[in-house]
Amino acid sequence: MTLFRTAFGAALLVACLDQAALATTQNVIFNGTITATCTLVIATNGTMTVSPDLQSLSSHNSGGSAGTVTLTTTGGVSLSVDPVTTTTVPAADTTATTWTPTYSSSGTHTIAETGSATSLTAPGADVVSVNLAGTKGGSNRFASGNYQATVTLRCE
Amino acid sequence: MKHARILAAALAVGLIPIAAAAQSMSPMRGEVNSFTDAFAIRVFPANPYDQKIKVEIHVYDQDFQPVDARISPAVFQLGAQASRPVLVVVPFGGAAERKVRICTESIPFPNQQTQIKAQICGKFFGHRKS
């Protein structure tokens, strides 16, 4: 009987030890979904200067500078500029001005200067340069005073 | 019950920044089914700058013509690195479906010679179910 109890106890102990030694693993699944996103951060506004013949007021002229915008996107968006509709001109300027906004990009997406929409398919970050040029034709000239124009840069 | 409310509030507070942080507007795409004469979309404009900015929300159709939608709020100040929900209710106008753009617009640095207006537009598609 003693021998039986000893043998039974030992067998039970071995069985318990065996149970304790069984290790299990379980996977924990993480899911994440990112939809198309676009962030525009305006770093600097642009500056326009007038040409010697007073027929061009542009960020391309000597002393002028483009506005700079940092763009970050997942891709699957497009970048464009709108025609300029909001301008302020001096009272002395009574002649028509043609405003031409353009942009270019360096970084993940290299875009040569354009005024048309560009599809950004790849994810990444860019520095977008925004330029604006105002031109007058014929004998018309820019007048002295303050000019202001708003360029809309769109990411959609 | 009280614990459930506290947990729900904590979850809501925790989820809002995840949905909107570091984006100018999210989501930028969406499709909505509605059984009424209008469909509603909630967007989260965000301010990525370290300064307060004025934000305007506009709704346009596919040709960038303004849509008579109800926007709450349409114009507001947004603190640095902050975001907030905006509810947009777009009427179908008798149509069975409607595509609209919801745009977040801001001029973060006004009173400059050449201002840049940043415009982030999302495209949304509403289907009217009968």
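Strands β7 (residues 98–107) and β8 (residues 111–114) of chain A pair in the antiparallel sense over 2 bridges. Strands here are DSSP E runs of at least two residues, helices are H or I runs of at least four, and both are numbered from the N terminus. Two strands count as paired if DSSP finds at least two bridges between them. A hairpin of 3 residues joins β7(A) to β8(A), and Tyr103(A) has Thr114(A) as its bridge partner in β8(A).

Before going on, this is a predicted model, in which local features need pLDDT of at least 70, side-chain atom pairs count only at pLDDT 80 or more, and totals for chains, interfaces and linings use all residues. Residues are numbered from 1 along each chain as its sequence is written, and chains are lettered from A and ligands numbered from 1 in the order in which they are written.

Now the rest of chain A. Chain A has 156 residues, of which 28% count as buried. Buried means 20 or more other C-beta atoms within 10 Å of the residue's own, exposed means 12 or fewer, and partly exposed is in between, with C-beta atoms placed from the backbone. For contacts, the criterion is C-beta atoms, placed from the backbone, within 7 Å. Among contacts in chain A between residues at least 6 apart in sequence, 68% join residues at least 24 apart.

Next, the interface. Which strand of chain B gives the most to the side that touches chain A? In total, 24 residues of chain B are in contact with 27 residues of chain A. Strand β9 (residues 114–128) of chain B gives the most to that side, with 9 residues. By type, the chain B side divides into 12 nonpolar, 8 polar and 4 charged residues. Nonpolar here is Ala, Val, Leu, Ile, Met, Phe, Trp, Tyr, Cys and Pro; charged is Asp, Glu, Lys and Arg; the others, Gly among them, are polar.

β9(B) also pairs with strand β11 (residues 148–155) of chain A, in the parallel sense and over 7 bridges. Within that pairing, Lys117(B) is the bridge partner of Thr152(A).

On to the core. A nonpolar core is a set of buried Ala, Val, Leu, Ile, Met, Phe, Trp, Tyr and Cys residues joined through C-beta atoms within 7 Å. The largest one has 45 residues, and those touching the most other members are Leu40(A), Val69(A), Val130(A), Leu153(A), Val88(B), Ile102(B) and Ile120(B). β9(B) supplies the largest share of this core, 5 residues. Take Val130(A): not counting residues up to four places away in sequence, the residues it touches include Val69(A), Val81(A), Tyr103(A), Val151(A), Leu153(A) and, from the other chain, Ile116(B). In soluble globular proteins, nonpolar side chains tend to be buried together.

Some backbone details. Most residues other than glycine have a negative phi, and most peptide bonds are trans. Where are the cis bonds in chain B? One runs from Ser26(B) to Pro27(B), with omega near -5°, and Pro27(B) is in the loop between β1 (25–26) and β2 (29–34) of chain B. Another joins Ser72(B) and Pro73(B), with omega about -5°, and Pro73(B) lies in the loop between β5 (70–72) and β6 (75–78) of chain B.

As for phi, Leu54(A) is not a glycine but has a positive value of about 60°. Leu54(A) sits in the loop between β2 (49–50) and β3 (56–58) of chain A, and is partly exposed because 13 other C-beta atoms lie within 10 Å. Phe64(B), also not a glycine, has a positive phi of about 65°. Phe64(B) is in the loop between β4 (53–60) and β5 of chain B, and 13 C-beta neighbours inside 10 Å make Phe64(B) partly exposed.

One more loop residue, Asp37(B), is found between β2 and β3 (38–45) of chain B. Is Asp37(B) buried or exposed? Asp37(B) is exposed, because 10 other C-beta atoms lie within 10 Å. Leaving aside neighbours within four places in sequence, Asp37(B) is in contact with Pro91(B) and Phe92(B). Its C-alpha atom is 7.4 Å from that of Arg128(B), 91 residues apart along the chain.

Last, confidence. pLDDT is the predictor's confidence in each residue, from 0 to 100. Chain B has a mean pLDDT of 83, with 82% of its residues at 70 or more. Over residues 1–23 of chain B the pLDDT is below 50, and this stretch has 14 contacts in the model beyond near neighbours in sequence. For the complex, the predictor gives an ipTM of 0.78 and a pTM of 0.80.

Technical notes. Two residues are in contact if their C-beta atoms, placed from the backbone, lie within 7 Å.
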